[in-house]
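Me: I would like to go through a structure with you, one element at a time. Could we begin once it is on display?

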Amino acid sequence: MSSDGAPAGGQAGNGGSSSGSRTLHVPVLARVEGEASMHVVVYDGRVSEVELRIFEPPRFFEALLRGRAWTEPPDITARICGICPVAYQMSSCQAIEDACGVSVPQPLQDLRRLLYCGEWIESHALHIYLLHAPDFLGYESAIDLARDRRDLVERGLRLKKAGNTIMTVIGGRSIHPVNVRVGGFFRLPTAEELRGLRATLAGALADALATVELVAGFDFPDFSHDCEYLSLRPAQGYPIEAGQVVTSGGLVFPAAEFDAHVTEEQVRHSHALHARLHGTDRYLTGPLARYALNSAALSPLAAQAARDAGLGSVCRNPFRSIIVRAVEVTYACEEALRIIDSWAGAAAPSVAVEPRAGTGYGATEAPRGLLYHRYQLEADGTITDARIVPPTSQNQISIEHDLRAFVQPRLGLPAGELTRQCEQAIRNYDPCISCATHFLDLTVEHR
Amino acid sequence: MAGNHPGAGVLVVGVGRRDRGDDAVGPAIAERAKELVPPGVTVMERLEPAGLIDAWDGAEAVVVTDALRSRRPPGTVHVLHACSGPLPVGAGAGIAHGLGLADVIELGRALRRLPPELVVVGVEARQFGLGTPMSPQVRASVERAARTVAGVIRAWREGTA
C-alpha cells in the first residue's frame with residue numbers, strides 16, 4: 001500500500017513487486033464475524049476497484065431445505081448464523097405461515113418480538129463493545145480496552161448477557177433457540193419467568209442509555225453516503241419482527257413483492273450474491289436505514305436519547321451507526337419491558353399450521369438488516385424451493401461503494417493505518433459473513 | 001454446577017459448528033466426553049466462543065474443546081493450559097472463529113473472569129467446508145481427545161494437574 005510496500009499488520013504479503021503489482025495480506029479483520037477479504041485495486045494512484053469478498057452460507061442452506069418438511073426451516077436456518085439465529089427463525093416461520101395461510105395470534109407475536117429484542121440486545125452489545133468501540137477509543141481490541149477500561153467492557157458483557165437471558169427464557173437456549181416452531185412456540189414462558197426478566201432488563205436499560213452517551217462522544221470521520229435506504233415499517237412501533245418494506249425513495253410493498261423489487265446477481269469476486277433494488281444503483285439495509293425510515297416510531301425515551309446524542313431524524317454517516325445501534329438497544333430494552341408488563345398470557349403456545357401447496361414470504365429485521373425468506377411448498381408441506389436473502393448480500397454493493405469513497409482520500413496513509421481505518425469502516429456495517437471459521441484477509445494491489 | 005457430585009463445578013464446552021467440516025470436532029469431543037466424565041460435570045456446546053465468559057461464570061474448572069490450526073498434521077490433539085498465559089496464537093497457531101477463542105480467553109483474563117482452571121483441548125483441523133463432514137484424521141482423533149478431556153478432569157479431581 002505504501003510506496004515501499006511495507007506489509008501491513010506485520011504479515012508478509014504475496015504478489016510481489018516483480019509482477020508490477022503488490023499485494024498485502026493482513027489477517028486482522030477477525031473482529032468481523034466470519035470470513036471475508038477486502039481487495040483494493042489502485043491504478044495509477046486512483047482506487048479503481050474495491051471488492052469485499054465474502055462467503056455466504058444461505059445458498060447452501062437453500063439447497064439443504066429442498067425436500068424437507070414445512071416444519072423444519074426454523075430449526076435448520078437457525079444454524080446459518082450463531083449471532084442471529086432468531087432472525088432466521090422468525091423470517092422462516094413468517095414465510096411458512098404465509099404459505100399455509102395462518103396468522104399467529106397477537107400474544108404469540110408479542111413473544112416473538114420479545115425474543116427478537118433479546119437478539120438485538122445481544123448482537124448490538126457484542127458489536128458495539130467488543131468489535132467496534134475499540135476502534136473509536138484507539139485500542140487494538142476489546143482485550144486492550146478491557147485492560148484499561150474494564151468498566152466499559154463489563155457493561156457491554158452485562159448487556160449481552162441480558163439479551164442472552166431473554167433468549168434463554170423465551171427461546172429455550174441462548175444460542176440456537178429450540179423453543180421456536182412454525183405456528184408459535186413449543187412452550188410458553190410462565191408469568192413468573194417473564195417477571196423474573198424485569199430486574200435484568202431495568203439494569204440493561206440503564207446500561208443502554210449509558211452506552212448511547214458513551215458512543216455519542218466518539219470522534220467520527222467526516223463521511224456520508226447517499227444510497228437508498230430500505231427497511232421494514234410496521235403499523236405501530238419500530239420495525240423488528242414485522243412490517244411492510246419501505247424505501248427512502250418512497251416505495252412501499254409487502255414481503256410478497258420483494259422479488260419483484262429486488263434481484264440478486266452473482267459477481268465474479270464473491271460467493272455472495274449482490275442484491276439490487278430496481279431503479280437504484282445501490283441500497284442499504286440495517287440500523288441506519290431502520291432509523292432513517294422509522295425514527296418517528298421510537299419510544300419517547302429512545303427518541304430523547306437519540307436527540308441527546310445529536311442524531312437528527314436521518315443519519316447518513318455510517319461511522320455514526322454505532323450510535324444508532326445503541327439507541328436501538330435502548331428501544332429493545334424498553335420494548336421488552338413493555339411486552340413483559342402487558343403480558344396477559346396466551347391461549348396456547350402455538351396455533352396449528354396445516355400444510356398446503358403455495359408460496360410464502362417472510363421479512364424481519366435482523367440486527368444487521370432485513371432478512372427475507374421465501375418458501376414454495378407442495379400440498380403435503382414438502383419444500384420445493386427456498387430463497388434466503390440476508391442483509392449482508394443486500395448491503396454489499398453499498399459497502400463497496402462507501403469503501404471506495406473512503407479509501408481514495410486516504411491512500412497516502414501508511415499501510416497499517418489505512419488497514420486499520422478500512423477495518424473500522426467495514427465494521428460500520430456489522431457484516432454477518434456467515435459466522436464461519438476462517439480469518440479475514442485484506443489485500444491491496446498496486447498496478 | 002452446584003451439587004455434591006464428583007464433577008460439580010467442572011464444565012466442558014465444545015465450540016464449533018457441526019455443519020462446517022472439521023469445525024464440528026469441538027462439539028463432537030464434548031459429546032463423547034460426556035460419556036467419560038464423572039457425574040455432575042456440565043457439558044454444553046457453543047456455536048461461537050463469544051458467550052464463554054458468561055458460560056463459565058462460577059465454574060471452578062473448565063475444559064474448552066475446539067478446532068484449531070497450527071500447521072501440524074490434521075487430527076493432532078493439543079492440550080493448552082490457558083491459566084498460565086495466553087494461548088500461542090502469535091506463534092503460528094490460529095484457533096477458529098471470528099471473535100476467536102484465544103481472544104475470549106484473553107478478554108476473560110483482562111477482566112479477571114477466567115475460571116481457576118482452564119484447559120483447551122484442541123484438534124488440528126484441515127478444512128471447514130460448509131456441509132462437509134469432518135476429515136477422517138480429525139474424526140479419528142475425537143475419541144483420543146475426549147479421553148484427554150476426561151484425563152484432565154481426573155487430574156484436577158486428584159489434585160495432580
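Me: Where does H4(B) bend?
Reply: H4(B) bends by about 35° at Val142(B), the bend being the angle between axes fitted to the seven residues ending there and the seven starting there. Please note that this is a predicted model, in which local features need pLDDT of at least 70, side-chain atom pairs count only at pLDDT 80 or more, and totals for chains, interfaces and linings use all residues. Residues are numbered from 1 along each chain as its sequence is written, with chains lettered from A and ligands numbered from 1 in the order in which they are written.

Me: Which residues of H4(B) are buried?
Reply: Among them are Val138(B), Val142(B), Val149(B) and Ile153(B); buried means that 20 or more other C-beta atoms, placed from the backbone, lie within 10 Å of the residue's own.

Me: What covers the buried residues of H4(B)?
Reply: The cover includes strand S1 (10–15) and helix H1 (25–33) of chain B. Helices (H or I, at least four residues) and strands (E, at least two) are DSSP runs, numbered from the N terminus.

Me: Turning to chain A, why is S12(A) largely enclosed?
Reply: Strand S12 (residues 369–377) of chain A is largely enclosed by the rest of the structure because 8 of its 9 residues are buried.

Me: In which sense do S11(A) and S12(A) pair?
Reply: They pair in the antiparallel sense over 9 bridges; pairing requires that DSSP finds at least two bridges between the strands. A hairpin of 2 residues joins S11(A) to S12(A).

Me: And how many residues lie between S12(A) and S13(A)?
Reply: That hairpin has 5 residues between the strands, and Gly381(A) in the turn has a positive phi of about 90°. Tyr375(A) stands opposite Ala386(A) in S13(A).

Methods
Buried ≥ 20, exposed ≤ 12 C-beta atoms within 10 Å, placed from the backbone. Contact = placed C-beta atoms within 7 Å.
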